[in-house]
Number of protein chains: 2
Amino acid sequence: MAKELKNFTKRSDNYSQWYNELVVKADLAEQSAVRGCMVIKPYGYAIWEKMQRQLDDMFKATGHQNAYFPLLIPKSFLSREADHVEGFAKECAVVTHYRLKNDPDGNGVVVDPAARLEEELIIRPTSETIIWNTYKNWIHSYRDLPILVNQWANVFRWEMRTRMFLRTAEFLWQEGHTAHATKEEAEAEAIKMLNVYSEFAENYMAVPVVKGVKSPNERFAGALDTYTIEAMMQDGKALQSGTSHFLGQNFAKAFDVTFMNKDNKAEYVWATSWGVSTRLMGALIMTHSDDNGLVLPPKLAPIQVVIVPIYKNEEGLKNISEKVNPLVEELRKRGISVKYDDADNKRPGFKFADYEVKGVPVRLAVGQRDLEEGTVEIMRRDTLEKETVKFEGIADEVERLLDDIQNNLFTKALAMREARTITVDTYDEFKKKIEDGGFILAHWDGTTETEEKIKEETKATIRCIPFEGDKTPGKCMVTGKPSARRVIFARSY
Amino acid sequence: MAKELKNFTKRSDNYSQWYNELVVKADLAEQSAVRGCMVIKPYGYAIWEKMQRQLDDMFKATGHQNAYFPLLIPKSFLSREADHVEGFAKECAVVTHYRLKNDPDGNGVVVDPAARLEEELIIRPTSETIIWNTYKNWIHSYRDLPILVNQWANVFRWEMRTRMFLRTAEFLWQEGHTAHATKEEAEAEAIKMLNVYSEFAENYMAVPVVKGVKSPNERFAGALDTYTIEAMMQDGKALQSGTSHFLGQNFAKAFDVTFMNKDNKAEYVWATSWGVSTRLMGALIMTHSDDNGLVLPPKLAPIQVVIVPIYKNEEGLKNISEKVNPLVEELRKRGISVKYDDADNKRPGFKFADYEVKGVPVRLAVGQRDLEEGTVEIMRRDTLEKETVKFEGIADEVERLLDDIQNNLFTKALAMREARTITVDTYDEFKKKIEDGGFILAHWDGTTETEEKIKEETKATIRCIPFEGDKTPGKCMVTGKPSARRVIFARSY
């Protein structure tokens with residue numbers, strides 16, 4: 001199996017196949033018996049749990065509380081907001097019946113036609129509608145605002161083409177839904193949460209992101225503005241990694257949610273929503289991993305350090321364990337997650353390959369000779385560099401190395417993105433350059449028409465109008481009309 | 001509103017109504033627009049999160065890992081295990097279509113008849129079938145065993161009569177699903193997890209439970225044995241609070257999951273499953289709360305201590321805050337969750353009533369006179385006792401009090417259960433006594449027939465055959481046939 005683990009498709013040969021294989025070989029997830037739905041395996045879920053915990057802490061630190069709203073949404077709720085229904089009605093799972101019965105012909109169970117629902121229910125593709133229908137009862141006065149609520153949940157969108165983590169019919173996510181007394185406060189909230197996402201992406205996932213606003217064509221269905229963080233994968237494609245929406249008063253109007261302001265006048269409530277999902281797992285995998293398997297940033301690695309003993313007999317293992325056990329304890333005391341893998345049914349070579357595929361950041365190996373010489377072999381997963389160092393002071397060295405790997409992954413990803421972000425001035429050049437992947441900064445006249453023409457002809461979309469960077473006006477590369485500033489184009493996941 | 005909060009139905013007048021009101025007034029949950037589904041509000045969800053975190057730690061400490069399996073299950077999977085389908089097919093939500101379209105008549109959206117699924121999908125009522133269908137690919141050899149996996153998820157059962165937390169169509173839970181090489185190991189696992197549940201119920205929820213095994217009639221659909229923890233509510237009714245199932249090889253046979261044992265022979269895998277749900281919230285509420293509202297055991301209280309300043313003007317508040325802020329810090333250092341409520345848009349009386357209804361275990365109040373005299377008023381929610389004590393050393397006092405409240409709640413609930421557990425020898429006496437509520441220890445001949453007769457005539461069921469207690473044989477109170485030992489009867493939620 002060790003050999004098989006190594007037998008990867010290379011990124012340069014077929015990036016997409018490399019990804020699919022990696023997800024399975026690193027034991028992150030697999031296809032289920034249900035079309036488009038995946039099983040997230042324990043190792044993959046452990047990474048997701050680390051993400052969840054960190055994000056949840058950050059949400060709470062910014063004043064948010066968790067709550068839980070129903071999985072099913074009455075069909076009619078979707079239609080209340082005109083744009084929203086256009087965006088979500090087309091791909092949803094519809095519950096029409098509430099009972100099965102024994103097949104009269106004896107073939108298992110069949111739907112009981114007598115148990116048809118009066119109004120069909122939709123499995124939530126997102127929860128704005130059911131939540132704003134609920135907020136109607138929570139909000140009466142300005143004193144009830146703001147409401148800063150988040151939900152961790154599963155959602156369902158009937159996608160035609162699915163890929164594990166990147167696009168699945170069911171996925172796990174969090175969705176924040178906030179309610180505010182003023183436009184300014186809601187806009188500030190949407191930006192605040194975008195900043196939380198970018199901090200999480202960069203400082204924990206080690207994934208550099210560009211923050212910006214979506215063009216009208218790429219907005220969330222029902223939003224006035226959609227803010228986004230966009231990451232670049234190793235194949236040069238963009239991956240939208242989190243979005244935060246300023247919803248204006250659209251949902252308040254659709255569900256008639258008003259409040260009495262300080263002047264005792266009724267006003268519609270202002271809203272935001274924001275979410276990240278298990279898609280982040282895809283971003284994490286595709287940003288750092290290599291032809292040997294997964295590479296994980298230490299801050300999100302379920303196992304940060306693995307220690308493998310190399311021994312000939314029980315006596316040998318005992319001697320190594322006596323040396324290693326205090327180190328394990330010391331590392332745990334420092335909050336480092338460490339696994340001492342002394343299982344005797346697998347050879348060290350197998351273990352090395354397995355932890356390499358699984359992206360464990362630091363591996364220590366201790367053999368008989370190390371005991372004699374007071375040394376230990378240390379390997380870092382990001383560069384695969386290996387060296388033999390003094391056992392004494394190894395805890396400090398491990399801690400330093402974990403920090404270094406975390407920083408190195410970010411720096412490397414950032415350098416890659418910078419190297420593959422180019423500026424283009426003519427549409428002809430654009431059409432050539434887009435074939436190489438990467439981000440292209442180009443002028444655009446601001447119209448959906450031009451955006452769609454570009455998409456149709458090149459498969460590239462506007463990823464965002466970035467907050468930072470060169471803000472010089474210019475002329476649209478397609479129409480020559482005035483452009484307020486360059487925007488980022490890319491092909492994307 | 002303070003007055004309204006106080007305006008409760010009393011337990012003695014209408015226990016059921018008292019419960020329903022309490023859930024709403026303590027801001028725990030509310031009915032949603034979807035029949036049988038509730039919205040768990042932030043305060044209720046914060047309690048559930050504390051439960052989750054503690055249980056999750058206990059599962060991990062016993063070697064379990066989390067994973068995630070699909071929400072939807074192919075209809076045919078349910079039929080694979082004969083008992084299972086009988087138990088679950090009758091009350092499930094069925095997805096038949098995957099798309100809506102605009103109503104040709106212009107009335108919102110309608111189900112697109114062209115988007116009918118070939119095979120209907122069921123929203124999971126429990127996940128044994130989809131999980132064992134997955135385990136088939138994970139298990140080949142004894143080396144792959146045991147599998148110790150847990151899932152935190154939402155499930156759906158189309159209940160006809162629902163009550164918040166106690167019985168809702170959608171509920172949140174965890175479901176452990178383990179796979180083992182031997183019968184003995186699987187049985188030991190089922191018992192181990194029952195013990196985890198009882199430890200959690202007693203040491204964290206302060207809810208005393210009886211551990212035992214269910215009669216065949218009350219078993220989980222598909223199990224060979226169902227173990228249970230049963231709690232007694234203040235109205236004397238039983239509440240099944242957690243179950244752990246020894247599934248034998250039933251699901252392995254249904255999904256053809258075999259492994260090569262050490263002798264290289266194929267054997268079917270042995271299984272357990274075990275779960276607790278948001279129903280525990282109902283148990284928590286109904287065990288401790290009183291006519292003034294919620295009473296929470298400190299270990300699960302989102303806010304353990306609230307401090308309310310009583311002041312006339314800004315200067316007064318400033319002086320109090322100067323005194324209180326270091327205390328807040330000190331309590332937080334000790335890991336105590338404390339809220340200093342200096343909001344100036346609510347009067348102290350309102351705050352007192354609100355935190356009382358919400359069951360905050362300890363309340364401190366600090367006024368101008370307290371500052372002068374170096375005192376503080378301290379109130380414990382469980383007994384509503386109030387006293388004025390020295391401010392100096394208050395952190396120690398609070399810590400001691402939280403422990404005391406935790407213990408007192410358990411002791412009180414245990415005393416109640418003991419006082420209301422009686423022994424009965426004749427069916428006539430049983431019929432009278434069951435009207436008073438409580439647990440009745442009586443002899444039963446071990447047949448489903450007798451059990452169902454008793455249920456029909458008295459609405460009482462066998463809650464469990466307890467592991468502990470008097471094991472003297474006797475004669476069935478109904479049929480006079482031999483009985484191995486007394487079992488626990490009660491009416492139940």
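Trainee: How far is the sulfur of B:Cys37 from the closest cysteine sulfur?

Mentor: This is a predicted model, in which local features need pLDDT of at least 70, side-chain atom pairs count only at pLDDT 80 or more, and totals for chains, interfaces and linings use all residues. Residues are numbered from 1 along each chain as its sequence is written, chains are lettered from A and ligands numbered from 1 in the order in which they are written, and side-chain values use heavy atoms, with hydrogens and water left out. A disulfide is a pair of cysteine sulfur atoms within 2.5 Å. The closest sulfur to that of B:Cys37 belongs to B:Cys92 and is too far for a bond, the distance being 14 Å.

Trainee: Is B:Cys37 buried or exposed?

Mentor: Buried means under 20% relative accessible area, exposed over 50%, and partly exposed in between (1.4 Å probe, protein chains only). The relative accessible area of B:Cys37 is 0%, so this residue is buried.

Trainee: Which residue forms a salt bridge with A:Lys214?

Mentor: A salt bridge is a side-chain nitrogen of Lys or Arg within 4 Å of a carboxyl oxygen of Asp or Glu. For A:Lys214, the closest N and O atoms are 2.7 Å apart, and the partner is A:Glu230. The pair links distant parts of the chain, 16 residues apart: A:Lys214 is in the loop between strand 11 (210–213) and strand 12 (225–232) of chain A, the latter holding A:Glu230. Strands are DSSP runs of E, at least two residues, and helices runs of H or I, at least four, numbered from the N terminus; the partner asked for is A:Glu230.

Trainee: What separates B:Glu322 and B:Lys318 in helix 10 of chain B?

Mentor: These two residues form a salt bridge, with the closest N and O atoms 3.8 Å apart. B:Glu322 is exposed at 51% relative accessibility, whereas B:Lys318 is partly exposed at 49%. Because they lie 4 residues apart in helix 10 (residues 314–333), the separation is about one helical turn.
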